[in-house]
Amino acid sequence: MKKQITTLTIAAVAFISGLGINNFAMSDVPANYKIAIVDVNAVVQKSAQVQALKKEQQEKLQELQKWLETVRADVQKQSTKEGKEKLVKKYDAEFAKKQEAIKKNYATKLQAIDKSISATIAAEAKAKNYNLVLSKGVVLYGGEDITASISKIVK
C-alpha cells in the first residue's frame, strides 16, 4: 500500500512538473508564429495518384486470381498424387514470388506518393510563411486548416 502511494505521488509530481515546463516553453512563442494543420488522410484519399495506384493494385490482384485459376486447372489435370504435389510445390513458390513482387511494387509507389505529398505540404507551408504544420489528428484546437489548398495542389 505504501509503495502504491509513493508511486502515485511521484507520478503526480512528474505530471505537474511537466505541465509547468510545457507552459514555460510555450511562453517564448512569438505572437506572429503561424501554425497550420493538415488532414493528411483526406489529402491522400483525394489524390489522383493514390486512386490510380489502388486501381493498378486491383488489376494486378485480378491477374493473380486468373493465374491461380489456371494453376488449379493444371493441378487437377495431373493424374498422380505425386504429380499434383510436385506442381503444388512449384506453384506455391511462384505464387509467393508474384505476391511479394506486387506488395513491393505497391509499397515503393506508395512511399513515392507519400514523399510527394510531404514535399507539397512543406512547400506550401514555406510559401505561406507557416512556422509549424501539424497533422489534424493531433490538434484539438487552433491552427489554420490548409487541407483544401493542399488537396488542390496534390490532385
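## Crossing of α4 and α5

The crossing is right-handed, meaning that the near helix is turned clockwise from the far one by less than a right angle.

From α4, the contact (heavy atoms within 4.5 Å) takes Ile 117, Thr 120, Ile 121 and Glu 124. From α5 come Ser 149, Ile 150, Ile 153 and Val 154. By class, 5 of these residues are nonpolar, 2 polar and 1 charged.

## Helix α4

Buried residues (under 20% relative accessible area; exposed is over 50%, partly exposed in between, with a 1.4 Å probe and protein chains only) of α4 include Gly 83, Leu 87, Tyr 91, Ile 102 and Ile 113. Ile 117, Thr 120, Ile 121 and Glu 124 are also buried. Their cover includes β1 (35-38), α2 (40-46), α3 (48-77), β2 (132-135) and α5.

Just after α4, Asn 129 takes a positive phi of about 60°, although Asn 129 is not a glycine. Asn 129 sits in the loop between α4 and β2. At 57% relative accessibility, Asn 129 counts as exposed.

## Helix α5

Thr 147, Ser 149, Ile 150, Ser 151 and Val 154 are buried in α5. The cover over them includes β1, α2, α4 and β3 (144-145).

## Whole protein

The protein has 5 helices and 3 strands. These are DSSP runs: helices are H or I of at least four residues, strands E of at least two, numbered from the N terminus. The order is α-β-α-α-α-β-β-α. Of 155 residues, 21% count as buried. Among contacts between residues at least 6 apart in sequence, 80% join residues at least 24 apart.

## Basis

Residues are numbered from 1 along each chain as its sequence is written, and side-chain values use heavy atoms, without hydrogens and water. In this predicted model, local features need pLDDT of at least 70 and side-chain atom pairs count only at pLDDT 80 or more, while totals for chains, interfaces and linings use all residues.

Note on methods: Nonpolar A, V, L, I, M, F, W, Y, C, P; charged D, E, K, R; others polar.
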